[in-house]
Amino acid sequence: MKPVIDPKLCKGCNICVYICPKKCYTKGAEISEMGYFDAVASSTEKCYNHNREGKLICELCVLSCPDQAISWHPEIEEEKKR
Amino acid sequence: MELFEFYRRDRWPHVFCPGCGNGTVMNCFYRAFSELNLPLDRTAFIGGIGCSSRIPLYINSDALHTTHGRAIAFATGLKLSKPELKIVIFTGDGDLGAIGGNHFINGCRRNLDMTVVCINNNIYGMTGGQASITTPHDFQSTTTPFGNKEYPFDLAEIAVAAGANYVARWTTRHVHELTKSMKTALQKKGFAFVEVVSQCPTNFGRRNKMADPTQMLEWFKESSVRRDKARLAAVDHVDLNLAGQITVGEFVDRNRECYEELIGVEKHG
Amino acid sequence: MTIAPGEYFVQGNEACVEGAVAAGVRFFAGYPITPSTEIAEGLSHRLKGADGVFLQMEDEIACISAVIGASWGGVKSMTATSGPGFSLMQEAIGYAAMSETPVVIVNVMRGGPSTGQPTRASQGDVMQTRYGSHGDYQVIAFAPASVQEMFDLTIESFNYAEKYRVPAFLLSDAEVGHMRGLLTVPDKIRIVNRKEKGLRRPDEAYDVPDDLVHPFPIFGKGHKTMITGMTHTDDSRIEPEDAKVHQQLIKRLSEKVLKNRKDINKWELTCPDSKTMIVSYGSSALGAKEVAASDERVGLLRLKSIWPLPEEPIYEVASKCDQILVCEMNLGMLYWSIKRVALEAGCKKVELLSKVGGEPPTPSEVRHKLRAMGAI
């Protein structure tokens, strides 16, 4: 599973960037539709839950995100190979 | 239960500032509640006035948004009139410990069967950043422009002394421990108090050189010390609190009779 | 649980306890304060086990808050206090008005301001009952003048609180609260219960249109109710910035009471065709009643409900008489509103017998004033 940031909810606080132990996120440079510099889930292949289904190992980002903007999605075929 | 079955999706994005710890607490609470499979329809959520007191209005259940400081008093009436309801209160440091102080200590003393989550951001955030009874000494606020001359309360220790059955304190940096303590609190019979030290970057952090919420989270991490270890080291926890250290952990877990049992209306919510 | 029909010799406060029990009170939160404490003590005996919950709270603010919370659990709830406690309760009373929570508050008035005369009567809180909390709202208030009325009007306080979803007040005083007298409990008592959301049953509360008084969503029944003191829409969305929402809400909170004055007004007339009419309420009316009953030159309009002000009977009386004497145990509070209505009705002479110090005006004091007015 990979983390996906919802641009309608993210307020660009970058707590996910700070908290992720595998540095999967980076600070964004583009202003979203909501007016924030959204964080970017740039290296989700480093995530503890990469290619993992069932019980997830780490959910620090999802638990910490103040805006409930992060959710888990299954990887698409190309992402699985990274 | 899905996150947005528990929360009212039509009210998102919520009003809390970017980086506000309230949202983190909401995640942990949702996890605790849904993992326990508690019946949402038989749970009522009550808040006073303040940012964290608004959380009940975001939950998909009965919610009572009351007057400043009085959530526990309202909850006392609601719970005792309908003992089968489970009661959860969301409050803040000022709402609970300043104006609500009397209801706080008497709620603990009566040991009513309810769960109280106090999100302590060390400030009056909603009104713009005035000092609270947990603002650390020397810190800046809009009403302490020369530095806070007062010393803070230790809300968790007050709950212990006043008789609450379960008391724990964590910070928003401790999401796993917090979730676990919330689960214990929700299952505990009697007054279960969970204090969460949380970041208010907009009105506290910004005036105290921690405008970035991640700076505040780092500060929580650096200042936290396990209370049981602090006690073993024979350090006075009051001095620690006053020196800006945050003692965290489960403070007390006891089984005094809850008020409902004492007056004969017990139906554990 | 309700006291059996029959005759009893009891104290006013005790009669209030029996009235509350007869009305179906199941939650009482009180704090000791003279001269209301007997009500708390009485209910501490009556509300136990399955009969209900009695709590002595840490302060009066906790009392009124708990009583409001209990009402959301679906039960009839009440608190009792006097001046200093009543002042503390005002914020929450405003909350009850704004959130439309049915609750009953008994105020056994004593000498004020501040600590004043704890064991003596006054009627100094009558304006505070109407205007005590900040903002625009309407309340319903009754003024008992006997032990019997401490029973009857307590029941009416509950009935009207339930019917109109307002905080309702029983404005007693140290005289009526502590006097002892005859209470006759009838076989049948009219009880009104709130309109419940999702329920339909024969009860006069259901006759009030839903757009004026919304059906009450009891907690714990899956309604996902959101209750707040902030300005809100009909479907409980918080909209403090919307002027129109606020206007509509405030107007409805007022109209639901004012449009139903005919239903709420309660009064008693003695010699209504007299040239001089006394208008009074509560224990102030006791001396006046004796005078009016013994002298046909003088009549009495005794107000049993004082808020909303029963303008209609006052107007009626004022349009027929030459002069009016208002008797109150304060320096003139209802006097000004009564005078306004009387002047509108064409009665130009409206005088005040103001008695403070702790005792109601005696019949001879009333006669003395009437002589000065040329009435007798």
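This is a predicted model: local features need pLDDT of at least 70, side-chain atom pairs count only at pLDDT 80 or more; totals for chains, interfaces and linings use all residues.
D138 of chain B counts as partly exposed, since it has 13 C-beta neighbours inside 10 Å. The cut-off matters here: a residue is exposed with 12 or fewer such neighbours and buried with 20 or more. D138(B) sits in the loop between β6 (130–131) and α6 (155–162) of chain B. Its phi is near 80 degrees, which is positive although the residue is not glycine.

Chain B has another residue of this kind. K209(B) is not a glycine either, and its phi is near 60 degrees, again positive. You will find K209(B) in the loop between α8 (201–205) and α9 of chain B. Is K209(B) buried or exposed? K209(B) is exposed, because the count of other C-beta atoms within 10 Å is 10.

As background, most residues other than glycine have a negative phi, and most peptide bonds are trans. In chain B, the peptide bond from W12(B) to P13(B) is cis, and its omega is near -5 degrees. P13(B) belongs to the loop between α1 (3–6) and α2 of chain B. In chain C, W307(C) and P308(C) are joined by a cis peptide bond with omega about -5 degrees. P308(C) is in the loop between β13 and α12 (311–320) of chain C.

Now chain B as a whole. Its secondary structure consists of 12 helices and 10 strands. Along the principal axes, the C-alpha atoms of chain B fill a box of roughly 50 × 45 × 30 Å. For 269 residues, a compact globule would have a radius of gyration near 18 Å, and the 17 Å of chain B agrees with that. Of those residues, 58% count as buried. If we take the contacts in chain B with a separation of 6 or more, 66% of them are between residues 24 or more positions apart.

Next, the neighbours. Two pairs of chains are in contact, and the pair with the most contacts is B and C.

Start with the side facing chain A. Here 18 residues of chain B are in contact with 16 residues of chain A. On the chain B side, α2 (21–35) and α9 (213–223) each supply at least two residues. Which element of chain B gives the most to this side? That is α2(B), with seven residues. By class, this side of chain B has 10 nonpolar residues, seven polar and one charged.

Then the side facing chain C. There, 29 residues of chain B are in contact with 35 residues of chain C. Elements of chain B that each supply at least two residues to this side are β2 (62–65), α3 (71–81) and α5 (101–110). The largest share comes from α3(B), with eight residues. The classes on this side of chain B are 12 nonpolar, 12 polar and five charged.

β2(B) runs parallel to strand β9 (residues 226–228) of chain C, and three bridges connect them. Within β9(C), T228(C) is the residue opposite H65(B). In general, strands of a sheet pair through backbone hydrogen bonds, either parallel or antiparallel.

Chain C also has an open sheet of seven strands, in the order β3-β2-β4-β5-β7-β6-β13, with mixed pairing. Which strands stand at the edges? They are β3 (53–56) and β13 (305–307) of chain C; each has a single partner strand, so one side of each has no neighbour in the sheet. From one strand to the next, the twist averages 20 degrees. At the β3 end, strand β2 (residues 25–30) of chain C and β3(C) run parallel and are joined by four bridges. A29(C) is opposite L55(C) of β3(C).

Two helices on this sheet deserve a mention, one from each chain. From chain B, α3(B) packs on the sheet and touches β2, β3 and β4 (76–81) of chain C, with its direction at about 150 degrees to that of β2(C). From chain C, helix α3 (residues 60–72) packs on the sheet and touches β2, β3, β4 and β5 (103–109) of chain C, and its direction makes about 165 degrees with that of β4(C).

Key: Residues are numbered from 1 along each chain as its sequence is written. Chains are lettered from A and ligands numbered from 1 in the order in which they are written. Two residues are in contact if their C-beta atoms, placed from the backbone, lie within 7 Å. The radius of gyration is taken over C-alpha atoms; the globule rule is 2.2 Å times the number of residues to the power 0.38. Ala, Val, Leu, Ile, Met, Phe, Trp, Tyr, Cys and Pro count as nonpolar, Asp, Glu, Lys and Arg as charged, and the others, Gly among them, as polar. Two strands pair if DSSP finds at least two bridges between them. Axes are lines fitted to C-alpha atoms, for helices over the stretch in contact, and angles run from 0 to 180 degrees between N-to-C directions.
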